[in-house]
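Subject: Structure for you to look at

Hello,

Here is the structure I said I would pass on. Please open it first, then read the notes below it.

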Amino acid sequence: MKLWGGRFTKETNELVNNFNASISYDQKFYKQDIQGSIAHATMLAASGIISEDEGKQIVDGLNGILSDIESGKMEITDEYEDIHTFMEATLIERIGDVGKKLHTGRSRNDQVALDMRLYTRDEIKNVDEEIKELMSVILRIIKENTETYMPGFTHLQKAQPVTVAHHFSAYFEMFKRDRSRLSDIYKRMNYCPLGAGALAGTTYPLDREMTAKLLDFYGPTLNSMDSVSDRDYLIEFLSALSTIMMHLSRFSEEICIWNSNEYKFIDLDDAFSTGSSIMPQKKNPDIAELVRGKTGRVYGALISLLTTMKGLPLAYNKDMQEDKEFTFDAIDTVKGCVRLFKGMIDTMKFNNDRMEDSAKKGFTNATDAADYLVKKGVPFRDAHGIVGQLVLMCLDKGIALDDLNLEEYKSISPVFEEDIYEAISLKTCVEKRLTLGAPGPEMMNKVIALYDEYMEQ
């Protein structure tokens with residue numbers, strides 16, 4: 001069955017049919033199609049465009065189709081061009097000619113615009129919930145590791161001592177921003193295109209405000225041409241998903257580094273690792289690597305839609321059918337990656353001694369040694385040079401600053417006293433950083449309290 005065959009005298013070429021069809025993937029929003037059709041039929045009856053009895057028959061018929069699909073009693077088949085054709089044909093088959101009145105005052109253009117908007121709106125909520133669950137795991141790790149010392153890095157070089165809590169807090173902040181972006185997109189896109197028709201509205205006295213309210217939109221869209229041709233919300237959503245994947249990918253890269261034999265900062269759980277087919281000693285961070293790899297897949301969806309939309313005139317064009325398949329894939333990819341990443345970090349173990357030792361041997365307390373001299377009256381530039389000489393001495397000896405004896409310190413500068421050891425201990429280095437956002441436990445606990453409030457919202 002086709003919704004548009006009246007003016008055609010020849011059957012569509014089979015290759016054209018297959019090329020044109022979208023049911024293989026747009027069946028994914030069968031619920032949204034039924035949801036929108038129920039609202040439309042309810043409005044048609046309330047507006048007197050169809051009778052109340054006809055409206056009830058249509059709504060009951062649609063609910064019956066939904067029930068049969070979800071119970072497995074009915075299967076969506078590819079003999080139809082798209083999900084809209086399938087739904088209408090099935091409805092007519094069940095309730096007769098009354099079903100033909102469902103499409104009154106509606107085009108497939110505003111119908112598909114509605115379905116995609118409803119589907120995207122639902123998925124924004126789903127992705128947001130997945131991220132929030134990931135953040136709950138990150139917050140648990142933060143709370144448990146406010147005094148677990150590790151090196152902080154710049155340029156992948158050990159720089160200053162931080163804590164695991166502080167490091168993971170950086171990702172908590174990233175995912176907070178991701179959720180904020182999702183919220184913004186939801187607010188911008190939550191307007192109802194149904195009633196726009198093909199592009200110029202309709203002569204039927206539709207109550208678009210009623211339809212919008214029934215579907216929990218803020219209100220109807222205000223330009224019918226824009227209503228059927230707008231894909232900005234999808235571009236924004238794919239951009240937000242790409243940013244989420246970028247954050248996950250950065251995190252995954254660090255997991256891969258920390259898991260390496262050279263670092264050994266963490267041990268990944270066997271359930272979230274794989275081995276080698278030839279090297280029996282291997283335990284690979286495949287989840288982290290795949291998340292990192294799948295980031296490009298989601299980026300590709302964003303670039304594809306931007307490219308599709310860049311040259312399209314108003315209003316609807318069939319090119320826009322290309323918005324669905326890769327958007328569905330990107331959404332599924334992100335949700336799967338977030339879920340697996342959450343499981344991986346929830347079960348991994350930290351090698352605390354190894355991390356602390358790495359921080360010491362990486363001279364992450366060198367800045368604090370310089371600050372020690374400054375507090376004794378040495379100009380910072382001179383202090384910088386003195387500590388540089390101490391680092392060279394340590395490198396020659398293969399030891400850390402903490403391992404030098406006082407005589408060795410004094411051989412470079414007589415200003416050093418016994419209190420240098422306390423000044424450069426990792427505990428002191430971290431605890432004396434008391435600015436908001438720094439790794440000191442006092443400030444970190446204030447941040448944790450704010451995170452607890454955030455998660456309760």
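**Salt bridges and pockets**

Aspartate 368 and arginine 433 are both buried (buried means under 20% relative accessible area, exposed over 50%, and partly exposed in between, with a 1.4 Å probe and protein chains only). This is a predicted model, in which local features need pLDDT of at least 70 and side-chain atom pairs count only at pLDDT 80 or more, while totals for chains, interfaces and linings use all residues. Residues are numbered from 1 along each chain as its sequence is written, and side-chain values use heavy atoms, with hydrogens and water left out.

Aspartate 368 and arginine 433 form a salt bridge, with their closest N and O atoms 3.0 Å apart (a side-chain nitrogen of Lys or Arg within 4 Å of a carboxyl oxygen of Asp or Glu). Aspartate 368 sits in helix 14 (residues 366-375), and arginine 433 in the loop between helix 18 (426-431) and helix 19 (441-456), 65 residues apart. Helices (H or I, at least four residues) and strands (E, at least two) are DSSP runs, numbered from the N terminus.

By this rule there are 32 salt bridges. Another one joins arginine 231 and aspartate 323, at 2.8 Å from N to O. Arginine 231 is in the loop between helix 9 (224-229) and helix 10 (232-259), while aspartate 323 is in helix 12 (residues 322-347), 92 residues apart. Both of these residues are buried.

Glutamate 253 also forms a salt bridge, with arginine 292, at 2.5 Å between the closest N and O atoms. Glutamate 253 is in helix 10 and arginine 292 in helix 11 (residues 286-309), so this pair ties together parts 39 residues apart in sequence. Glutamate 253 is partly exposed, at 33% relative accessible area, and arginine 292 is partly exposed at 31%.

Now the pockets. On a 1 Å grid over the protein atoms alone, a pocket is an open set of points where a 1.4 Å probe fits, with protein on both sides within 12 Å along at least five of seven lines; lining residues have an atom within 4 Å of a point.

The largest pocket holds about 480 Å³ of space (the space filled by probe spheres set on the points, which are joined across faces, edges and corners). It is lined by 21 residues, and those closest to its centre are Gly152, Phe153, Thr154, His167 and Glu254. Strand 1 (149-154), strand 2 (157-163), helix 7 (164-189) and helix 10 each give at least two residues to this lining.

The second largest pocket holds about 300 Å³.

Regards
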